[in-house]
Amino acid sequence: MIEVQGLTKRYGPFTAVEGVNFRVGEGEILGFIGPNGAGKTTTMRILTAFLPATEGTASVAGFDVFEAPMEVKRRVGYLPETPPLYREMTVGRYLAFVAELRGVPSKQRYKRIGAVMDKVGLTGWERRILGSLSKGYRQRVGLAQALVHDPPVLILDEPTSGLDPSQTASVRALIEELSGAHTVVISTHILREVEALCDRVVMINKGHIAAQGTLDEVRSRAAAPHFAVELGVTGANAPGADASREVLKAVGALGEVKTVEPVDDPREGLIVMRVIAEGDPRPAVASLAVKEGWAVHRLERVTPTLEDAFLAIVGEEAVL
Amino acid sequence: MNIFRTTLTILRKELSIYFVSPLAYAFLGMFLFLAGLFFYMGLALTGEASLRVMLGNLAISLIFVLPMLTMRHFAEEQRAGTFELLMTSPVSLGSLIAGKWLASLTLCGVMLAGTLLFPAVLAYYGDPDWGAIFTSYVGLFLCCGAFCAAGLFASSLTDDQVAAGFFGIVILLPFWLVGSAVTLAPEEWRPWLEMLAFLPHLSGFTKGVIDSANLAWFASFTFIFLFLTYRTLESRRWR
């Protein structure tokens, strides 16, 4: 549905994005993540045919963004970071204007506006002046304008920024509901949001793609899944440096375990380690602990989060 | 969607914004007050049943008034981020500019219609030259179109409304002042300065003559500034 190849945008000597490639399949939700100033908004603006690119190609819904911008604009609903509202207008008048602008036939216009207002929770707000709305409601109107012409592609720049938790939840539920029928690209700082919503992720940093793939693929860039083990060793076997070493050695000797790394922990009487294993080493570790008389405080599989991946990848590049 | 429909959509939107904000009313009020003042002055000074003095002075006051009307058009769209909404909708830049220009011109039409009371007063008490009054209105309307184009250009240069209003005045003022400078200027400059000044081109209309050279002057002025607006907005996207 969206295909981007070798996309580069330069503003004079400053390069905003360089050599960006990615694809988004029909009905997919793609999360676009990266630190501030990474080039997310620039890429989105190019996809909506607002900005021309310096190099590269991009196509949306089968139309080239640079050669057929009007066709692309007809098929894209775009919510910029700040909802683009006319403060003097009422909600109803504004949505009618946007629907007319995007070519919704006049016979369907009011039905469409009603449906969209219902979808984003604005029913009964037609006569309110946009300038008097709270941030959450402005964001809803912003979403409604992006949806009013029922576009196959939605590009949402930080759709939940500045919303309270319940508003965030309802916007997320709405985006989830929209996937399938619409192809959605969202940019966000909130990585949990991406984990909750997106099928695939593109991580961008300093104008380059730092990582992309399914959530699991990107997460695994941070660290392999591992096991957190905390054992309490008390009494005669109280952990000195030697005792710790022995416990680590005993765990490391188990069949499934590949590596054991000690983790510094301030708590008294605890030996904390990070175990990487083939398969699940937890039953073997538990049996060993029972045999040796150690207390098991924690024995848990840890899957790296997107945040770990983000920090690992973006942090890594920042050092470079 | 064809270009006329999008132009009409923009035109309607601009008019609805004009009339829900106090701007249009303040503007109409100020313009009609000035028109009344100039009408009275014209009658008191010349004793003629003509609108010559009123329309000449009104045209000069448009230099200061029209940039206030057009200043928000692009400056405010860019500040509020709605320019992005317009440019990511299937609307060409040409129809956007045309819609905004026509909206300003419509308001000018309403404003000029408000001054039709004065010829009615003249007709009641005297015997005015209806041909000259008609062509004067044509001239003033063309002048409004030209000044609105310059005002839109000023508005495309910045995202600060007040600065846009100021730029508009700064752009228009030389086209008036240059006319006064004609007698002071060296001989060989005079024809050029006379060509640039707008009042000599308007005076043909107030005398009851529609001269194609004067029509062409206002049409070119309008076209050049609308074209500059187009190029400025287009280049903003590249920066």
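Predicted model: local features only at pLDDT ≥ 70, side-chain atom pairs only at ≥ 80, totals over all residues.
**View 1. The six-stranded sheet of chain A.** This open sheet has six strands in the order β6-β7-β8-β3-β9-β10 of chain A, and their pairing is mixed. Its edge strands are β6 and β10 (208–214) of chain A, each of which pairs on one side only. From one strand to the next, the twist averages 15°. Strand β7(A) runs parallel to β8 (residues 183–188) of chain A, and five bridges join the two. Within this region, Leu154(A) stands opposite Val184(A) in β8(A). Helix α1(A) lies across β3 (29–33), β7, β8 and β9 (200–205) of chain A, and its direction is at about 150° to β7(A).

**View 2. Two loop residues of chain A with positive phi.** Most residues other than glycine have a negative phi. Ala49(A), however, has a phi near 65°, which is positive although the residue is not glycine. Its place is the loop between α1 (40–47) and β4 (55–60) of chain A. Ala49(A) counts as buried because it has 25 C-beta neighbours inside 10 Å, where 20 or more are required. Glu158(A) also has a positive phi, near 50°, and is likewise a residue other than glycine. This residue is found in the loop between β7 (153–157) and α6 (165–178) of chain A. Is Glu158(A) buried or exposed? Glu158(A) counts as buried, because 22 C-beta neighbours lie inside 10 Å.

View 3. Four strands of chain A form an open sheet in the order β12-β13-β11-β14, with antiparallel pairing. Strands β12 (257–262) and β14 (295–302) of chain A stand at the edges with a single partner strand each, so one side of each has no neighbour in the sheet. On average, neighbouring strands are turned by 20° against each other, direction ignored. Seven bridges link β11 (residues 226–232) of chain A with β14(A) in the antiparallel sense. Val229(A) has Leu299(A) in β14(A) as its bridge partner. Helix α10 (residues 282–292) of chain A packs on the sheet and touches β11 and β14 of chain A, its direction making about 170° with that of β14(A).

**View 4. The contact between chains A and B.** Here 22 residues of chain A are in contact with 21 residues of chain B. On the side of chain A that touches chain B, the elements giving two or more residues are α2 (69–75), β6 (76–79) and α3 (91–101) of chain A. Helix α3(A) provides the largest share of this side, with four residues. By class, the side of chain A comprises 13 nonpolar, three polar and six charged residues.

**View 5. The nonpolar cores.** The largest nonpolar core has 138 residues, of which Leu95(A), Ala144(A), Cys143(B) and Phe147(B) touch the most other members. Helix α8 (residues 130–156) of chain B gives the most to this core, namely 13 residues. Apart from its neighbours within four places in sequence, Phe147(B) is in contact with Leu62(B), Ile63(B), Leu66(B) and Leu172(B). A second, separate core has 15 residues, including Val229(A), Val275(A), Ala289(A) and Trp294(A).

**View 6. Helix α6 of chain B.** This helix covers residues 93–114, 22 residues in total. From its first C-alpha to its last it reaches 32 Å, close to the 32 Å expected at 1.5 Å a residue. Among the buried residues of α6(B) are Leu96(B), Ile97(B), Lys100(B), Trp101(B), Leu107(B) and Met111(B).

Key. Residues numbered from 1 in each chain as written. Chains lettered and ligands numbered in written order. Core = buried A, V, L, I, M, F, W, Y, C linked by C-beta atoms within 7 Å. Buried ≥ 20, exposed ≤ 12 C-beta atoms within 10 Å, placed from the backbone. Contact = placed C-beta atoms within 7 Å. Nonpolar A, V, L, I, M, F, W, Y, C, P; charged D, E, K, R; others polar. Expected span 1.5 Å × (residues − 1). Pairing = 2+ DSSP bridges. Axes fitted to C-alpha atoms, helices over the stretch in contact; angles between N-to-C directions.
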